[in-house]
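Student: I have a structure open and would like to work through how its parts are arranged. Could we take it one piece at a time?

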Amino acid sequence: MKVLHKGMNAYKNAKKVIPGGTQLLSKRPEMFLPDGWPVYYESAQGIELTDLDGNAFRDFSIGGVGSTVLGYADTDVDNAVKKIIKKGSMSTLNAPEEIELAQKLIEIHPWSEMARFCRSGGEAMAIAVRIARAYTGKTKVAFCGYHGWHDWYLSANISKSEALDGHLLPGLEPNGVPRQLEGLTYPFAYNDLDGLRKIVSEHKNDLAAIILEPSRSELPNKDFLNNVKDVASSSSAVLIFDEITSAFRINTGGIHLTVDIYPDIAVFAKALGNGYPISAVIGKREIMEAAQNSFISSTMWTERIGPAAAIAMIDKHKKQNISQKLISTGSSVKNIWKNAAEENSLEISIRGIDPLATLSFSGKSATALMTLFTQEMLDRGFLTGKSFYAMGSHTEKDICDYNLACKEVFKELASALHSNSIYKKIRGPLAHSGFKRLI
Ligand SMILES: Cc1ncc(COP(=O)(O)O)c(C=O)c1O
């Protein structure tokens, strides 16, 4: 058992001065192992992190929440950033790297003609929605999936508090979102064309945008996406693909390229800068030009590190065929889970495209089993949780060692399950599965 005092103590202090303790829900220790997660890192390189107590862990969890697709502190991206820091990362004039990045994204996605940049995913989605509303002169939005923390999105929970369940973590309150936004956003489920058609038939004349991830827990469904595209064009709504998490996983670019179905706007963030803040909204010229008839503008969107990091990330991703590596690593991890579960007669389900794999245990002890899995893997030097996001820096040896650890831990889980001792073995409360207010 590793000593984890410093991280936990720091987190207690954090909660006194930072509401909720962290800036991102998915980085709360409660989401993994409430009393036993290292919480903070001192350094990160490749897939290895060192915590505040000096413990080293290999990351087989969410890899910088999906942002560090090449691995932590990637040398090529970091060198590009260091060059920019030396030259000056901010000035009164603009960063020429913006033009190169726009050209690169347009070259990869030839259906698009223009790009705008900002620095986070939710912010980029808010820009996309603003552009769609400005272009169409309409207000309502139909969406599927999670698209960030902004008012336009959370307003779906105003009239029905469970509207975002299944799209977002259950339990999120739209407090602070003006009630006047009620009735502007309507959720539909992936593959539920009838659900989308119903929204469209009720709001056709005021539908500004249809928004979805082209793929999340499965590969893009070509028929469904084609139908969604038809619905968007027949209702004169802007079709927006949120590629914030799905891009740069199975190809160098948006996952929609793999099925040859093109939206009016696509949005990128996370992996785009390999952990440096940069996000992009790309789209057709006529629609993107509507940005000029609105006001979409921010000082820090002009800094120079983000676009430089993105250019270096895209170049390396393409040159080293990183997506093939991510697919192969993700598929190995899925097999490791499957075999370890079969060997120990544990019921699990595995979902997600290979580079973004998710694991869940079945039955009433599911959350307890996941918590114990995380705890026992942590003791063996691995960060794990319910998702595995592959990074380019996972090696064969890492996968081999992870396999051995999983075999041992799944055996322990099965024995704890049969002897009714799962809860006794967990050193603290269970992991949270949705949003909970923290005290
Ligand atoms: C599909 C999708 N859209 C939007 C977002 C929000 O991005 P960010 O956390 O950078 O604001 C996320 C983040 O998880 C996401 O997965």
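Student: How do the axes of helix α6 and helix α7 lie to each other?

Tutor: This is a predicted model. The axes of α6 (residues 193-203) and α7 (residues 222-234) come within 11 Å and cross at roughly 5 degrees. Angles under 35 degrees count as roughly parallel. The two helices, α6 and α7, are therefore roughly parallel to each other.

Student: Which residues of α7 are met by α6, and how does that contact divide by residue type?

Tutor: From α6, the contact takes Leu 193, Leu 196, Arg 197 and Val 200. Their counterparts in α7 are Phe 224, Asn 227, Val 228 and Val 231. By type, the residues of this contact between α6 and α7 are six nonpolar, one polar and one charged.

Student: Which strands stand at the edges of the four-strand sheet, and why is one side of each left without a neighbour?

Tutor: The sheet is open, its pairing is mixed, and its order is β1-β2-β3-β13. Each edge strand has a single partner strand, so one side of it is left without a neighbour in the sheet. The edge strands are β1 (41-45) and β13 (382-383).

Student: What is the bridge partner of Thr 50 in β3?

Tutor: Strand β2 (residues 48-51) and strand β3 (residues 56-59) run antiparallel and are joined by three bridges. In β3, the partner of Thr 50 is Ala 56.

Student: In the open sheet of seven strands, what is the order, and which are the edge strands?

Tutor: The pairing in this sheet is mixed, and the order is β4-β10-β9-β8-β7-β5-β6. On average, neighbouring strands are turned by 20 degrees against each other, direction ignored. Two strands pair on one side only, and these edge strands are β4 (114-118) and β6 (185-187).

Student: What angle does the direction of α4 make with that of β10?

Tutor: Helix α4 packs on the sheet and touches β4, β5, β7, β8 (238-242), β9 (265-268) and β10 (279-283). Between the directions of α4 and β10 the angle is about 25 degrees.

Student: Which helix gives the most to the shell around the ligand?

Tutor: The ligand is surrounded by 13 residues, the closest being Gly 121, Gly 122, Gly 148, Ile 244 and Thr 245. By type, the shell divides into four nonpolar, seven polar and two charged residues. With three residues, the helix that gives the most is α4 (residues 121-136).

Student: Which helix supplies the largest share of the side of domain 1 that touches domain 2?

Tutor: The domain assignment gives domain 1 as 5-73 + 321-425 and domain 2 as 90-303. Their C-alpha centres lie 29 Å apart, and the contact takes 15 residues from domain 1 and 15 residues from domain 2. On the domain 1 side, three residues make up the largest share, and they come from helix α10 (residues 322-343).

Student: How do the residues of that side of domain 1 divide by type?

Tutor: This is the side of domain 1 that touches domain 2. Its residues divide into eight nonpolar, six polar and one charged.

Note on methods:
Residues numbered from 1 in each chain as written. Predicted model: local features only at pLDDT ≥ 70, side-chain atom pairs only at ≥ 80, totals over all residues. Axes fitted to C-alpha atoms, helices over the stretch in contact; angles between N-to-C directions. Parallel < 35°, antiparallel > 145°, perpendicular 65-115°, else oblique. Contact = placed C-beta atoms within 7 Å. Nonpolar A, V, L, I, M, F, W, Y, C, P; charged D, E, K, R; others polar. Pairing = 2+ DSSP bridges. Near = placed C-beta within 6 Å. Domains from an automatic or database assignment.
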